[in-house]
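Please look at the sequence and the structure below.

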Amino acid sequence: MCGIIGYVGKKAASPILLEGLRRLEYRGYDSAGVAVLDNANLSLRKKKGRIDEGIARVLKAEPAAGSLGIAHTRWATHGVPSDTNCHPHLDASGKIAVVHNGVIENYDALKQKLIRAGHKFKSDTDTEVLAHLIGENYAKRGGKSGDALAQAVCDALREVIGTYGLAVICTDFPDTIIGARRGSPLIIGIGKHENFLTSDANAIVAHTKKVVYLNDYDVATITPERFDVLNLGTDTANVQISNLEFSQEDAARGKHAHFMLKEIYEQPQTILNALRGRLDFEGATAKFGGLNMTAAELRNIDRIVIAASGTSWHAALVGEYLIEELAQIPVEVEFAHEFCYRNCPLEKNTVLLVLSQSGETADTLAALREAKRRGHRALAIVNVVGSTIARESDGGIYMHAGPEIGVASTKAFVSTISILTLLAVHLGRLRNLSAKRALDVLHGLEVLPKQIEKILAQNDTLKKVAEKYAKADDFFFLGRGYTFPIALEGALKLKEISYIHAEGYSAAEMKHGPIALIDKNTPTVFLVPQDAMYDKTMANLAMIRARQGPIIALATEGDKAIKKVADDVIYLPPTLDLLNPILATVPLQLFAYHIAVARGCDVDKPRNLAKSVTVE
């Protein structure tokens, strides 16, 4: 949440910072600002609102000259969105500017201490307190010489409780940016006679492919020609230069109206990427290179706990069904934030599996660390190579889905489920899963991309159905068995981007209370493929129909009975029951997308949401 971009080199900083902010806006978009140094002159520009309507106009009217600068796009935690609360924030002297992602939990105590020392504050933010604290420590060190700025940042951070990814500049050091992280991602970008600092590689991929992912407690000193990293805990840092796996074009919207639509249409390729090199038809299994567990160790697993949040939690529910059916291993799905704060019993041969698109989700990372602290192996499915979760897990699987810019996750969700299916096959073949059953699943996965293309071809039909119901105030999404988690996901997508109240349920649960809310103005989206639960789900559908509730059905091609009881039908290609979740997801994404567009909502930047939740 929130985005940071910093530049030091020989070029004008402001255009690079502004471009970076635009690429980071999906991480926070209630305000944005820049601080640029031109020798000893500090130019501060910041403005509430979206980047093009706010800070971009300010910079056009009042240019900020200089070849060193830091910038920030904000998702508010402390203090309402306003020009005053916008980053960067200055220290008491006005010489030091700070941008910050994360939450300083003891900011109030620090603020009171600084007030007693004579400091006065202009904003309601925890970040301004951090800026003043750095300034106070810088003054104590006498300033100006050697590594005084870096050491002042270290002094301040030793007093801080909480999370941070931050960038600091000072008029006394016109060629230096200080960066530091704990719990919030920060990346150094390495250029030729120039270097970058950012919270998200999307912001710098147009300028460099060489990056260093900072670790917790790292403090970096960055100049045009070099960078140095120390660690607050050890004084020495583990620095590794990596190459970005994606290009500038991968992170562009292309011909599509929104990133979300682009990413929905990328899903056939996303699944191909998830499957590539992992289908072993000869051995009737799936193969992975990064689990870092032997076959014997995998056979010894007695229980798997999957921890995730948001959309990834819905994928985890599908994973529970898959692994229990194909591998016969008991699975428990936990909200990552709940797993961290309750004493969940973990038997000796329990493995934790965490799911995170960004690899930086704060509560998911905390769950991973908690499991490792207790001596359990922690595996991960992530999309971002080099992310914190990828680096700290004992082993895992990359999605290779490419950058996902739309705040509402789409392609990462289907990629996660595809990989969970492969993992279930892999674990099952180490136990009692027959070769025939495994091959059926592998062949089913292999044809999914073509089947999804067939669903995408129904986009115009889905758009018409969406526009028909776009003025509804409430929705139900219902499924059973493998499609129950997809009902939850469909409801979440609609809530996220259209702001319509929507509830996902097991269809069987409706008669236990929620059916009281059904009337002619409350549409229900029924997931009713011809699977093992088909007859039961059709009976549940009849209950809604009897109460005059409008019904939109997702049904299997060739199902003639559904036309008689549903108002609108979207057809899915026939597949195995356990693969229906992937196919059923795609029309629900398009349905939510078109409703949001019809209602005039900002699809890629829904209100109150940011892409990567890096604070608890």
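Which residue in β13 is the bridge partner of Ile222? The partner is Phe227. This is a predicted model, in which local features need pLDDT of at least 70, side-chain atom pairs count only at pLDDT 80 or more, and totals for chains, interfaces and linings use all residues. Residues are numbered from 1 along each chain as its sequence is written, and side-chain values use heavy atoms, with hydrogens and water left out.

β12 and β13 run antiparallel and are joined by five bridges. Strands (E, at least two residues) and helices (H or I, at least four) are DSSP runs, numbered from the N terminus; two strands pair if DSSP finds at least two bridges between them. The open sheet has six strands in the order β5-β6-β7-β8-β12-β13, with antiparallel pairing. β5 (89-90) and β13 are at the edges with a single partner strand each, so one side of each has no neighbour in the sheet.

Helix α4 packs on this sheet and touches β5, β6, β7 and β8, contact meaning heavy atoms within 4.5 Å. The direction of α4 makes about 135 degrees with that of β6. Angles run from 0 to 180 degrees between N-to-C directions, with axes as lines fitted to C-alpha atoms, for helices over the stretch in contact. Helix α5 lies across β6, β7, β8, β12 and β13, at about 145 degrees to β7.

Ten of the ten residues of α5 (148-157) are buried, that is, under 20% relative accessible area (1.4 Å probe, protein chains only). Their cover includes α4 (126-140) and β6 (96-101).

Thr73 is in strand β4 (residues 68-74). Thr73 is buried, at 0% relative accessible area. Leaving out residues up to four places away in sequence, Thr73 touches Cys2, Leu21, Tyr29 and Ile51, among others.

Definitions and conventions:
Buried < 20%, exposed > 50% of the residue type's maximum accessible area, 1.4 Å probe, protein only.
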